Amino acid sequence: MKHISLVAAAVAAAAVAAGCQSMMGSEKPIIAVAEMKPTTAAGPANLSPTGIVRFSQLGASKVMVEAEIKGLKPNSEHGFHVHAVPDCSGDGTKTGAHFNPDGHPHNHPGQMIRHAGAMFNLKTDANGTGTTKQMVDTITLTPGKYSIVGMPLITHRDPDDYVSQPLGNAGPRVSCGIIALQSGN
Ligand SMILES: [Cu+2]
């Protein structure tokens, strides 16, 4: 009798484990998108950057960021950041500083102490299409201090040097989009 109940318990435990696993496997990641549009700073820079950036939360603080933005300078790099004030009007400067809930200095995206919203530069091809795919561990799509939902995403004319304070010397803000949860989340 004891043996049978142990077997039953083991089977039940296995079933629970399998159930959890299949739940995790079928759970959809939270997705947000930013539709990037030129600011008034784009024309003077002879750029017309448009595109879509997709954010997928894959873990507690693991957000995959995938971007494709056309109309940038060919064969170059462009600063790419979540900023702090959701106002894409005008030349993009109303978006304020980088998203930085911990009040850290600006730094290389590979460093732990850095602006949460400062990511690796977009790299463009010969046609001026900038792409990136990077995992960012300082932001979330779930609610909380590090949530970037509702925040503005900025593409700059110039590369972020990952050193200069407070904005990486990345020049004018040539495209902007507000990060919005995709319906169905
Ligand atoms: Cu920026």
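**Strand pairing in a predicted model**

Ala32 stands opposite Leu181 in strand 9. The model is a predicted one, in which local features need pLDDT of at least 70, side-chain atom pairs count only at pLDDT 80 or more, and totals for chains, interfaces and linings use all residues. Residue numbers start from 1 along each chain as its sequence is written.

**Overall make-up**

- The chain's secondary structure amounts to one helix and nine strands; helices (H or I, at least four residues) and strands (E, at least two) are DSSP runs, numbered from the N terminus.
- Along the sequence, the elements follow the pattern α-β-β-β-β-β-β-β-β-β.
- Of the 185 residues in the chain, 35% are buried. A residue is buried if 20 or more other C-beta atoms lie within 10 Å of its own, exposed if 12 or fewer, and partly exposed in between, with C-beta atoms placed from the backbone.
- Among contacts with a separation of 6 or more, 62% involve residues 24 or more positions apart. Two residues are in contact if their C-beta atoms, placed from the backbone, lie within 7 Å.

- Nine strands form an open sheet in the order 4-6-7-3-2-1-9-8-5, with antiparallel pairing. Its edge strands are strand 4 (77–78) and strand 5 (80–82), each of which pairs on one side only.
- Two strands pair if DSSP finds at least two bridges between them. Strands of a sheet pair through backbone hydrogen bonds, either parallel or antiparallel.

**Strand 1 and its partners**

- Strand 1 (residues 30–38) pairs with strand 9 (residues 173–181) in the antiparallel sense over five bridges.

**Strands 2 and 3**

- Strand 2 and strand 3 (residues 62–70) run antiparallel and are joined by nine bridges.
- These two strands form a hairpin with two residues between them.
- Ile52 stands opposite Glu68 in strand 3.

**Ser89**

- Ser89 lies in the loop between strand 5 and strand 6 (122–124).
- Ser89 counts as exposed because it has 11 C-beta neighbours inside 10 Å.
- The C-alpha atoms of Ser89 and Thr40 are 8.2 Å apart in space, while the two are 49 residues apart in sequence.
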